Amino acid sequence: MDRRTFMTYSAISLAGLAAQWATVEPERLSSALGGKRVDAELVDWLEETSGRLTALPTEQRQHTVRLLDAHLATTTELIEGGHYDEDTGRRLHLLAANLATTCGWYRFDQGRHWAAGKLWGAALQSAHAAGDRDHGAGVLSDFAYQSNWLGEPKVSVDQLGHALSGTRHPTARSLLFLRRARAHAALGERADCHRDLSAAESALAAGAADPAPSWCAWMSPADLAVDSGQCLLDLGRTAEARARIAEGIALLPRARDKTRGIFLTYQARGCLEANDIEQALAVTGESLDLATRIGAPRCITLVRELAPVFEPYRRVEGVSEFLARLRAS
């Protein structure tokens, strides 16, 4: 039901939401809202504490989502009922956008797609109110990633076209091109996929005077390599895909263990397509161990989706035991 509700939301709303964001200029923030004056020191504290919470490793962040939700609720209350000048209002909206984006990703990882979409919709509105087009582009790309994840790559392609119109930073553009390449690959659109992979690589290699926006600051050659490999898998180029995925996993820092767990499932899929069952089993087991330790339901879901592919290989040592572990977990 959650998936169907989200897809209804996306089919009816996402195209209009993206087009409106791309063309409508934000209004000036009110400088005299009703209610008590918002203390700048409180905003300082909310920004600092929220930044620390969102910077925690995944293994710790799974225990702090309620704190992030509380910070978002407090920030929203201040926006709706506080009295503040334009600069403070912009800071509050930017903070709300960042928190809603992070809280939305937590719901997405839990498979709660409608809840994630509602939070990202709020994040897009807050980013728009603050005039932060870079963050708005990032939120649209999150919607696009979710659409592709849920089997709607055409929606993803359309969303990313709008998102690319809203940011000029090369790191951000690299991520958006890479995500659009994934959607093109899912659609079997080879030429468009390779065009966007090339654009993603060129953008990531380009220098920039300003730091990348926070929503894409993690984007790295590791991500480019692994997602390029996933595109190649979708397009049937298994040997090249395996090499690219292995290259990317080797580059990924240990601090990004949730991403590592997901990338390992991509690697396992490549091994299975190459009929390398022993290696696929080893990699899948590593991914499941990691996901269980850090609390990463989305990664566990990806592991479970590989189970039917392992079924014909029950006679291979360790496969039956692994499948039994999945059924018991």
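The secondary structure of the protein chain comes to 16 helices and 0 strands, where helices (H or I, at least four residues) and strands (E, at least two) are DSSP runs numbered from the N terminus. The model is predicted, so local features need pLDDT of at least 70 and side-chain atom pairs count only at pLDDT 80 or more, while totals for chains, interfaces and linings use all residues. Residues are numbered from 1 along each chain as its sequence is written, and side-chain values use heavy atoms, with hydrogens and water left out.

Of the 329 residues in the protein chain, 51% are buried (buried means under 20% relative accessible area, exposed over 50%, partly exposed in between, with a 1.4 Å probe and protein chains only). Among contacts (heavy atoms within 4.5 Å) with a separation of 6 or more, 67% join residues 24 or more positions apart.

Residues making the contact include Leu140 and Phe143 of H7 and Val155 and Leu160 of H8.

The second largest pocket holds about 430 Å³ of space. A pocket is an open set of points on a 1 Å grid over the protein atoms alone, where a 1.4 Å probe fits, with protein on both sides within 12 Å along at least five of seven lines; lining residues have an atom within 4 Å of a point. Its lining has 14 residues, of which Trp149, Arg182, Gln230, Tyr266 and Leu302 are the closest to the centre. Elements giving two or more residues to this lining are H7, H9 (170–186), H11 (221–234), H13 (257–273) and H15 (297–310).

Two single residues complete the picture. Thr171 lies in helix H9 and is buried, with a relative accessible area of 15%; Thr171 touches Ala212, Cys216 and Met219, not counting residues up to four places away in sequence. Ala296 sits in the loop between helix H14 (277–294) and H15, and is buried at 5% relative accessible area. Ala296 and Gly261 are 35 residues apart in sequence and 8.4 Å apart in space, C-alpha to C-alpha.

Notes
Points joined across faces, edges and corners; volume = space filled by probe spheres on them.
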